[in-house]
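Dear colleague,

I am handing over the structure below for your attention. My findings follow it, arranged by topic.

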Amino acid sequence: CGLCHRADADPDTYGQKCQRGKLCVHENCLYHASGLIQRGKDEEGFYGFLYPDIRQELKRAVQKTCCVCGCKGASIACQGRKCTKNFHFPCGSEKGCIYQFFGEFKSFCWKHRPAQRVRRWQQQAETVCVVCLESMPGQPSYSALVCPACKHAWFHRGCIQGHALRAALYHFRCPRCRDMWTFQREMFRMGIKIPDRDAAWEEAGAFSDQYHRHSRCDAGCCLYVGGREQSAEVGPWQLLLCHSCGSQGTHRRCAALGAAAGPWECEDCAGPAGAAGVGEKKAPRG
């Protein structure tokens with residue numbers, strides 16, 4: 001990336017990598033560069049940032065030194081009053097800077113970043129993150145956030161950011177009280193990126209792999225000359241799937257099941273008592 005000088009490509013951290021010839025920048029570095037303005041349409045340049053403007057910003061950033069790593073090319077300036085700190089996007093993230101992903105896309109250093117206010121009686125020495133269910137401090141900080149609506153849901157910054165990227169604007173809400181409007185407004189203020197799109201699980205083909213029906217014979221010794229992957233609609237080579245789990249299959253002949261035999265269960269689902277394993281005939285009950 002020409003702005004942060006890192007080759008990392010994790011979209012959850014840096015956004016998409018934008019490249020045109022030798023010009024290469026991260027999406028998040030682009031949006032928070034203090035000298036850049038979107039002067040084009042969305043389809044022009046990178047997200048409306050025109051190529052000549054980006055190159056001009058690269059020249060400007062060369063004169064700025066990062067207050068975290070000490071290297072040149074720091075394109076992001078803290079918006080705190082009278083603050084002169086400049087930093088690269090990833091350097092600021094590692095130091096605890098906050099980047100807002102709405103409006104003017106303001107950035108704040110660790111001294112001037114927005115903070116949550118929680119009454120002392122609502123704080124706890126230790127609580128549980130409602131996303132990952134691991135313990136965490138029940139006191140507001142850069143890495144510990146609380147729902148502004150219920151004041152009972154605490155979460156790690158990384159956990160709620162991951163949830164926001166998956167749920168997106170139309171489904172992102174407090175995991176505990178389900179508040180949306182107040183919750184989103186506060187998370188935006190605290191630097192959580194909430195994409196303006198539908199949830200990841202609503203995207204076309206997101207769960208297509210779960211609609212694949214098991215289609216092979218798993219018998220210890222498959223007897224069909226056509227092989228395990230082939231079967232017939234009816235008859236001895238009809239493929240039966242486990243009545244309970246559906247993840248195991250057998251030809252009727254391979255399991256020694258007659259045409260009148262009822263539902264079949266694999267060995268794992270039938271259990272050890274009287275179970276008909278694949279390739280074995282189930283013993284009659286009673």
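**Cysteines**

Cys-221 has a relative accessibility of 54% and therefore counts as exposed. Please note that the model is a predicted one. The closest cysteine sulfur to that of Cys-221 belongs to Cys-254, at 7.5 Å, which is too far for a bond. Cys-245 is likewise in no disulfide, the nearest cysteine sulfur being that of Cys-242, 3.6 Å away. Cys-245 counts as partly exposed, at 38% relative accessibility. The structure as a whole holds zero disulfides.

An unreviewed UniProt entry carries the annotation "domain: PHD-type" for residues 1-113. This span is 25% helix and 14% strand, and its end C-alpha atoms lie 25 Å apart.

Which residues of helix α3 are buried? In this helix, formed by residues 51-61, they are Asp-53, Ile-54, Glu-57 and Ala-61. Viewed down the axis of α3, the buried residues fall within an arc of 100°, so they line one face of the helix. The general rule is that an α-helix has 3.6 residues a turn, so residues three or four places apart point the same way. The buried residues of α3 pack against β2 (23-26) and α2 (27-32). On the face turned away from the buried side, α3 carries the exposed residues Pro-52, Gln-56 and Lys-59.

**Helix α5**

Helix α5 comprises residues 157-171. The end C-alpha atoms of this 15-residue helix are only 18 Å apart, whereas a straight helix would reach 21 Å at 1.5 Å a residue. A bend of about 60° occurs in α5 at Leu-165.

The buried residues of α5 include Arg-157, Cys-159, Ile-160, His-163, Leu-165 and Ala-168. What do the buried residues of α5 pack against? Their partners are α1 (11-14), β5, β9 (144-146), β10 (154-156) and α6 (181-189).

Ala-168, which is found in α5, has a phi near 65°, a positive value in a residue other than glycine. Ala-168 counts as buried, with 0% relative accessibility.

Phe-105 also has a positive phi, near 50°, and is again a residue other than glycine. Where does Phe-105 lie? Its place is the loop between β5 (98-99) and β6 (107-108). Phe-105 is partly exposed, with a relative accessible area of 21%.

**Gln-230**

Gln-230 is found in the loop between α6 and β11 (239-241). At 44% relative accessibility, Gln-230 counts as partly exposed. Leaving aside its neighbours within four places in sequence, Gln-230 contacts Tyr-224 and His-251. Ile-160, one of the buried residues of α5, is 70 residues from Gln-230 along the chain, and their C-alpha atoms are separated by 47 Å.

With kind regards

Technical notes: Residues are numbered from 1 along each chain as its sequence is written. This is a predicted model: local features need pLDDT of at least 70, side-chain atom pairs count only at pLDDT 80 or more; totals for chains, interfaces and linings use all residues. Side-chain values use heavy atoms; hydrogens and water are left out. UniProt positions are given in the numbering used here, feature names are shortened, and annotations may be inferred rather than shown by experiment. Helices (H or I, at least four residues) and strands (E, at least two) are DSSP runs, numbered from the N terminus. Buried means under 20% relative accessible area, exposed over 50%, partly exposed in between (1.4 Å probe, protein chains only). The arc is that of the directions from the helix axis to the C-beta atoms. Contact means heavy atoms within 4.5 Å. A disulfide is a pair of cysteine sulfur atoms within 2.5 Å. The expected span of a helix is 1.5 Å times one less than its number of residues. The bend at a residue is the angle between axes fitted to the seven residues ending there and the seven starting there.
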